[in-house]
Amino acid sequence: GINAEYGQLKEDKRTLKGEYTVCPVFRYLTELISTWMKTDTAGVKDIRELKTICGNFKSIAFDSTKQLISFHIPLHRLLSRLLVSCFSVMPSSSLSDWITCDKELVLTLLEHPIRIFVVCSQTNIGMWVRNGYSMQNQAFNYLSNAFRELFFTPDLRLIQISATALGPDHFLTVLLDRFTLHRWLDNTLSTEEDKQQTYLTEQFLLLITFIVNDRWGLSYASNAQQIRKEIVQKLWIKPCGHTELNRAVASHLRNTDEFIEVAKSVATFQTPSASQQGQFVLKPEYYKEYDPYYTHISNED
């Protein structure tokens with residue numbers, strides 16, 4: 001970059017150094033993403049057509065109980081974060097025009113995040129019990145508060161963007177197919193299968209709720225707004241000390257001046273006593289801001 005100073009052009013060496021450092025990395029990542037999108041190693045190019053009362057829609061043929069799956073999709077999550085960042089610097093309509101250029105490409109982006117959510121749901125009802133604790137631990141960590149910001153949140157954002165690109169009818173058709181709800185709707189399941197499918201149906205509806213309800217990452221929100229959202233949800237459940245409350249917000253927002261200001265504005269601090277540490281208690285006027293389907297709140301809380 002260059003700055004105008006005293007009528008002359010003067011190079012900003014710090015900006016120039018950063019550009020030389022970042023550009024080769026992004027070039028490598030771009031090549032990596034391009035190669036990834038062109039390969040068929042995960043079987044995401046096996047496209048089939050599903051017939052519904054709303055029309056015929058394309059979907060990727062996949063059976064989570066028989067084919068390979070991975071919780072580790074770093075390139076999807078990188079792309080998700082890049083797309084979400086675009087919302088703060090370009091109109092959403094432009095981004096929508098860009099991503100709707102190829103429906104099969106959108107299906108490819110959508111496929112792996114949905115697979116993971118389905119497998120997590122299946123793990124919770126014992127469908128992967130023969131895989132031992134490894135599978136259970138991966139599913140637990142994926143949705144846990146400690147790793148949710150790294151795994152589940154970017155996956156959800158990519159699902160939301162893909163849903164916008166595909167349209168509601170096409171997206172819901174793909175989602176119903178991935179959760180294998182067509183057999184449940186046709187009432188062709190055994191009693192045991194019906195119990196499992198009932199839970200999977202609940203998870204299907206929960207994912208729909210997340211998609212519609214949690215859109216913070218898809219629109220601009222200041223640091224103070226993000227901190228307030230997290231603090232209100234956490235304190236509605238129970239009063240918290242400073243350390244526990246600090247862990248509830250994103251890592252880059254912790255221990256900031258804004259964190260302290262927001263905490264003081266929405267909560268009252270109870271001084272410590274001989275038997276209890278100091279705690280923040282949510283002010284009654286903020287109870288109405290509690291969101292029972294907020295994705296950063298889990299069963300751990």
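Tutor: Let us begin with a definition: a residue is buried when its relative accessible area is under 20%, exposed when that area is over 50%, and partly exposed in between (1.4 Å probe, protein chains only). Helices (H or I, at least four residues) and strands (E, at least two) are DSSP runs, numbered from the N terminus. This is a predicted model, in which local features need pLDDT of at least 70 and side-chain atom pairs count only at pLDDT 80 or more, while totals for chains, interfaces and linings use all residues. Residues are numbered from 1 along each chain as its sequence is written, and side-chain values use heavy atoms, with hydrogens and water left out.

Student: Which residues of H2 are buried?

Tutor: In H2, the buried residues are Leu 75, His 76, Arg 77, Leu 79, Ser 80, Leu 83 and Val 84. An α-helix has 3.6 residues a turn, so residues three or four places apart point the same way.

Student: And how far does H2 reach from its first C-alpha to its last?

Tutor: Helix H2 covers residues 74–86, which is 13 residues, and reaches 19 Å. That is close to the 18 Å expected at 1.5 Å a residue, where the expected span is 1.5 Å times one less than the number of residues.

Student: Where is Phe 71 found?

Tutor: Phe 71 sits in the loop between strand S4 (55–60) and H2. Phe 71 counts as buried because its relative accessible area is 7%.

Student: What is Phe 71 in contact with, leaving aside its neighbours within four places in sequence?

Tutor: Contact means heavy atoms within 4.5 Å. On that basis, and with those neighbours left aside, Phe 71 is in contact with Arg 77, Ile 116, Val 119, Cys 120, Met 135, Gln 138, Ala 139 and Tyr 142.

Student: How many salt bridges does the structure hold?

Tutor: The structure holds 11 salt bridges. Arg 48, Glu 111, Arg 115, Asp 177 and Arg 178 are linked in a network of them.

Student: What do Arg 48 and Asp 177 tie together?

Tutor: The side chains of Arg 48 and Asp 177 meet in a salt bridge of 2.7 Å, N to O. Arg 48 lies in strand S3 (residues 47–52) and Asp 177 in helix H7 (residues 168–178), so the pair ties together parts that are 129 residues apart in sequence. Arg 48 is partly exposed at 32% relative accessibility, whereas Asp 177 is buried at 9%.

Student: What about Arg 178 and Glu 111?

Tutor: Their side chains meet in a salt bridge of 2.9 Å, N to O. Arg 178 lies in helix H7 and Glu 111 in helix H4 (residues 103–124), so this pair ties together parts that are 67 residues apart in sequence. Arg 178 is buried, with a relative accessible area of 4%, and Glu 111 is buried at 2%.

Student: Back to S3, please. In which sense do S3 and S4 pair, antiparallel or parallel?

Tutor: S3 and S4 pair in the antiparallel sense over six bridges; two strands pair if DSSP finds at least two bridges between them. A hairpin joins S3 to S4 through two residues, and Arg 48 stands opposite Ser 59 in S4.

Student: A last topic: where does Gln 203 lie, and what does Gln 203 touch?

Tutor: Gln 203 is in helix H9 (residues 191–213). Not counting residues up to four places away in sequence, Gln 203 touches Phe 117, Ser 121 and Phe 179. At 12% relative accessibility, Gln 203 counts as buried.

Note on methods: Salt bridge = Lys/Arg side-chain N within 4 Å of Asp/Glu carboxyl O.
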